[in-house]
Amino acid sequence: MSVIEQQANNDDIIVIKDLNKWYGNFHVLKDINLNVRKGERIVICGPSGSGKSTMIRCINRLEEFQKGSLVVNGVEMIDDVKNIEAIRKEVGMVFQHFNLFPHLTILENLTLGPIWVQKKPKDEAEATAMKYLERVKIPDQALKFPGQLSGGQQQRVAIARSLCMAPEIMLFDEPTSALDPEMIKEVLDVMIELAEEEGMTMLCVTHEMNFAKTVAHRVIFMDGGEIVEENTPNEFFENPETDRLQLFLSQIL
Amino acid sequence: MREFKPLPAQPAPVKTQGAVAWLRDNLFYSPVSSIVTLFFAYFFIKYSIAMFDWALLSADWTGTTEKDCTSEGACWVFIKAWSQQFFYGSYIESEIWRINLSILLLLAVIVMSFTLPKNIRLKVTIPAFLLLPFICIAILDGRILGLTHVKTDLWGGFSLNVLMAAASIIVAFPFSFLWSLGRRSDMAFIRSVSIIFIEFFRGVPVLSLFFMGSVMLPLFFAEGTNVDKLIRVWIVLIFFMSGYMAEVFRGGFQAIPRGQYEAADSLGLGYWQKILLILLPQVIKVSMPNILATFVMLFKNTTFLLIIGIPELVQTLQTALSNSYWLGGHTLEGYLFVFAVFWASCFSMSLLSSHIERKLDTDNRN
Ligand SMILES: Nc1ncnc2c1ncn2[C@@H]1O[C@H](COP(=O)(O)OP(=O)(O)OP(=O)(O)O)[C@@H](O)[C@H]1O
Ligand SMILES: [Mg+2]
């Protein structure tokens with residue numbers, strides 16, 4: 001395993017160093033530096049187009065970057081398929097639009113990864129799937145298809161689908177912003193429970209500031225492709241340092 | 001506190017316009033429109049009556065030979081006398097059940113693809129479809145199954161049109177899927193080869209392909225081997241079809257939201273797992289109406305087989321028309337019959353296709 005570089009003297013689970021990304025000539029991420037400790041929960045916010053999604057999508061290589069380095073759980077993100085596979089194994093992702101597989105039942109959505117990627121036997125995968133469906137409080141929907149579920153239910157299934165892969169890190173990209181107000185709470189509750197009981201490393205792009213205050217260890221503010229400010233939730237909301245963040249907070253709170 | 005009481009639901013209002021109102025609004029809304037309407041109505045009725053009389057009232061229905069056609073009207077006896085040839089070609093009469101069996105199997109698989117429970121549907125019907133052409137060939141040829149050997153020279157008639165079209169599209173299916181993947185590939189070489197292939201077979205008339213098939217394909221086979229004419233035609237049709245269907249699938253791929261790829265990637269699925277488990281089922285589903293439309297086109301194109309002397313339905317009709325016992329000149333009856341047979345088949349396929357489209361519509365609604 002020579003290609004997989006071990007970072008021995010670093011116990012941070014994600015290490016992003018001087019990361020830069022361009023879309024053509026458009027400089028979308030500028031000198032991003034971010035270290036995430038194991039078990040740390042980070043909320044990322046910022047105006048639309050500031051590069052929040054792009055940054056967290058670099059972590060499981062839904063996006064490639066041109067400069068800088070990114071190490072996840074000791075594995076460096078390079079072009080080698082082995083490294084990409086190893087990193088994706090550790091990183092689960094929940095999307096704004098759920099992205100469930102519409103042709104598979106809820107149960108099949110949940111067991112697909114464990115069966116085909118982790119090569120688990122079917123009954124074991126199904127048992128795990130049912131466990132997590134119970135976790136997100138919809139075990140009775142197992143045999144339905146995604147189209148038959150409400151948005152909030154679909155998002156909880158999507159969370160359960162990621163959990164079934166037993167990842168070290170969970171990425172959330174605006175998990176509640178496609179939901180009706182009454183469904184937002186049921187999804188946030190699941191995420192809060194997850195944060196408090198599993199102690200999972202979480203990076204969450206969201207504008208739900210109450211969620212940030214409740215669960216985050218650190219809140220990050222991005223603008224124009226840069227990390228402008230980061231702080232504990234208390235300081236972040238009470239004493240914003242930059243005028244840019246003050247303006248942003250005054251707009252969303 | 002005031003209690004909230006929902007209003008009772010009421011039935012939707014019924015449209016009050018009657019037939020007379022409809023006629024006035026659509027056909028007689030001005031003096032000119034009335035004249036045009038009457039003018040066309042006159043000719044339509046006049047010729048319909050003549051046609052009706054010729055085709056039904058004064059037609060000959062009973063008998064077996066030319067001499068039984070004595071009236072002014074159509075000689076349906078001609079069609080009746082040749083009907084076996086029209087449907088089964090010169091296939092050995094006692095073995096015709098084998099053709100019927102093949103067609104039944106085809107229908108059975110089609111019905112299965114609509115009625116099986118959703119969770120096993122693709123898993124059962126895809127292999128069934130892919131095996132079907134080879135099973136049918138085994139049944140029709142007979143040698144492998146220990147039945148009487150029926151040479152392919154004797155295969156013919158409408159059943160040949162149907163089975164040839166079905167066998168071609170089925171085998172073309174996996175190929176076209178690969179071509180469409182190739183066309184989307186990141187690798188420049190694979191992409192260019194796919195584009196050249198697809199555009200070649202889409203850009204060349206199927207007739208010239210048939211000629212090339214009979215003349216050029218033998219050059220690719222080892223010397224001395226005499227590959228059956230029907231097999232050569234089959235290969236040509238498969239290539240032709242896979243060019244067209246590759247484009248159908250490409251459209252299907254484009255219809256799949258990017259989120260599906262991303263979800264598959266983030267789960268760590270490999271390339272082929274992503275293609276086969278996530279994309280293929282969805283692509284087939286959204287492409288179904290286009291696949292059927294392409295099939296209808298291919299099905300009609302099978303009549304071109306007559307150009308290279310394969311006795312499909314139209315070729316059989318021409319043989320019948322030039323038969324010395326039937327010199328009554330039944331061209332009109334013959335072509336009307338062919339017209340009716342093809343129209344009925346194609347129309348039922350388009351009904352099927354619109355049924356599927358409606359079903360897709362409801363399936364996709366969340
Ligand atoms: N595929 C792409 N090609 C070109 N530009 C892109 C592409 N994807 C995103 N961008 C641009 O990159 C910038 C950052 O996009 P990103 O999606 O990361 O923003 P975001 O912070 O997540 O915004 P939002 O809150 O709206 O989701 C935006 O200006 C966007 O227009
Ligand atoms: Mg975003």
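Predicted model: local features only at pLDDT ≥ 70, side-chain atom pairs only at ≥ 80, totals over all residues.
1. Start with Ile44(A), which stands opposite Ile220(A) in strand E9(A). Ile220(A) sits on one side of E9(A) along with Arg218(A) and Met222(A), while Val219(A), Phe221(A) and Asp223(A) are on the other, and all of these are buried.

2. Residues are numbered from 1 along each chain as its sequence is written, chains are lettered from A and ligands numbered from 1 in the order in which they are written, and side-chain values use heavy atoms, leaving out hydrogens and water.

3. Back to E9(A) and its neighbours. Strand E3 of chain A (41-45) pairs with E9(A) in the parallel sense over 4 bridges. Strand E10 of chain A (226-231) runs antiparallel to E9(A), joined by 5 bridges. Strands are DSSP runs of E with at least two residues, helices are runs of H or I with at least four, and both are numbered from the N terminus; two strands pair if DSSP finds at least two bridges between them.

4. E9(A) and E10(A) make a hairpin with 2 residues between them, and Gly224(A) in the turn has a positive phi of about 55 degrees. Val219(A) has Asn231(A) in E10(A) as its bridge partner.

5. Chain A also has an open, antiparallel sheet of 4 strands, ordered E2-E1-E4-E5. Its edges are E2 (26-37) and E5 (75-76), each pairing on one side only. E1 (12-23) and E4 (67-72) share 5 bridges in the antiparallel sense, with Asn20(A) partnered by Lys67(A) in E4(A).

6. Over in chain B, look at helices H6 (157-183) and H12 (271-301): their axes come within 10 Å and cross at roughly 145 degrees. Those axes are lines fitted to C-alpha atoms over the stretch in contact, with angles from 0 to 180 degrees between N-to-C directions. By class, the contact of H6(B) with H12(B) has 19 nonpolar, 2 polar and no charged residues; Ala, Val, Leu, Ile, Met, Phe, Trp, Tyr, Cys and Pro count as nonpolar, Asp, Glu, Lys and Arg as charged, and the others, Gly among them, as polar.

Note on methods: Buried < 20%, exposed > 50% of the residue type's maximum accessible area, 1.4 Å probe, protein only.
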